[in-house]
Amino acid sequence: MAKRIVKSSGINEDFDINKLINSLVRSGASSQVADEIAKEIEKELPPKARSRDIFRQAKRLLRKQNSASGMRYSIKKAIFGLGPSGYPFEKYFAKILAHHGYAVETNRIIKGYCVDHEVDVVAVNNNAYSVIECKYHSDAGKPADVKIALYVHARFQDIKKAADMSPEKNMVFHSGWLVTNTRCTIDAIRYAECVGLKIVSWKYPEKSSLERMIEDKKLYPITILHSVRKNMLETLFKADIILAQDIADMPEENFAQKSGLDEQTVRILKREADEICPCANPDKPMKINPPVA
């Protein structure tokens, strides 16, 4: 009989060992190591174990095998570490988009047909503008519901209508996006698919979810590093150091100068960032200044 577990949302489901193995492999573990860890966890799994406890045990076992893989397994927790406000998440997602080929700008005021809107992220690709609303939740069990999807789409429609009536400004708004670090409800997804609203959330859509966008290019937030502390975050964010890759790309002395952190902390964070990130320098994020309507 399959063992039951309790997810962060409170929903009970059967423990799926293959799902655990796949997540460990995506974190960089070999198939053999992932299989061994998953079987050890399954063997010791108590009745109605919580998914967060399974995650902690998997991370602990993975870190014994490989420090970098152990860090990568913490992506979801690391994103929650960007809070409590949603602003760092907006900057983080803008960086993700920039590394995926978009020109981006955060916190832009754009004129709508009825009212002006403060937009979390404006992204441009192939001269098509996207209006992106980022919804950060500190509670893993809180999904983005259909009311949020309705709100985001209404804002996009108001902005698009104003732009369509002023073609001389050369701003073609192609899509509205709802981006969240948790999941979306079934109704939110159904509504988004019906009206053409793009959703990027945890595990959805399957091939371009938030998790996939991060893992495909190793765009981990700095909170994934073991030695980053809460009291460092504001300093690092102000210095536009959002990704672990940002640290890996800098010589140690440049990182020290830009961050203002002490020598020992700089050395430790630099080592951890180098372990988890590739050596190659991706294209630097671009910033745009779309004309205000």
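I take helices (H or I, at least four residues) and strands (E, at least two) as DSSP runs, numbered from the N terminus. My entries concern a predicted model, where local features need pLDDT of at least 70, side-chain atom pairs count only at pLDDT 80 or more, and totals for chains, interfaces and linings use all residues. I number residues from 1 along each chain as its sequence is written, and side-chain values use heavy atoms, with hydrogens and water left out.

**Entry 1: strand 5 and its neighbours**

I began with strand 5, residues 116-125. I call two strands paired if DSSP finds at least two bridges between them. Strand 4 (residues 103-111) runs antiparallel to strand 5, and eight bridges join them. The two make a hairpin, with four residues between them. Next I looked at strand 6, which pairs with strand 5 over five bridges, again in the antiparallel sense. Here the hairpin has two residues between its strands.

Which residues do I find across from Ala 123? Val 104 has Ala 123 as its bridge partner in strand 5, and Ser 130 in strand 6 stands opposite Ala 123.

I then checked burial: buried means under 20% relative accessible area, exposed over 50%, and partly exposed in between (1.4 Å probe, protein chains only). Seven of the ten residues of strand 5 are buried, so this strand is largely enclosed by the rest of the structure.

A reminder to myself: most residues other than glycine have a negative phi, and most peptide bonds are trans. I noted some exceptions.

Asn 126 is not a glycine, yet its phi is positive, about 55 degrees. I find Asn 126 in the loop between strand 5 and strand 6, in the turn of their hairpin. Is Asn 126 buried or exposed? Its relative accessibility is 71%, so I count Asn 126 as exposed.

Lys 203 also has a positive phi, near 75 degrees. This residue lies in the loop between strand 8 and helix 9 and, at 35% relative accessibility, counts as partly exposed. In the loop between strand 8 (198-200) and helix 9 (210-217) I also find Pro 205. The peptide bond from Tyr 204 to Pro 205 is cis, with omega near -10 degrees.

I noted another cis bond from Gly 83 to Pro 84, with omega near 15 degrees. Pro 84 belongs to the loop between helix 5 (75-80) and helix 6 (87-99).

**Entry 2: aromatic rings**

I pair rings of Phe, Tyr and Trp (its six-membered ring) if their centres lie within 6.5 Å; planes under 30 degrees apart count as stacked, over 60 as edge-to-face and the rest as tilted. How many aromatic pairs does the structure hold? I find four. In one of them, Tyr 129 and Phe 173 have ring centres 5.5 Å apart and planes at 50 degrees, so I log the pair as tilted. Tyr 129 sits in strand 6 (residues 128-135) and Phe 173 in strand 7 (residues 172-180), so their pair ties together parts 44 residues apart in sequence. Both of these residues are buried.

I also found a cluster in which ring pairs link Phe 93, Tyr 102 and Trp 177.

**Entry 3: lysines over rings**

My rule here is that a charge sits over a ring if NZ of Lys or CZ of Arg is within 6 Å of the ring centre and within 35 degrees of the ring normal. Lys 198 lies over the face of Trp 177, at 5.0 Å from the ring centre. I also noted Lys 161, whose charged end sits over the ring of Tyr 113, 4.0 Å from its centre.
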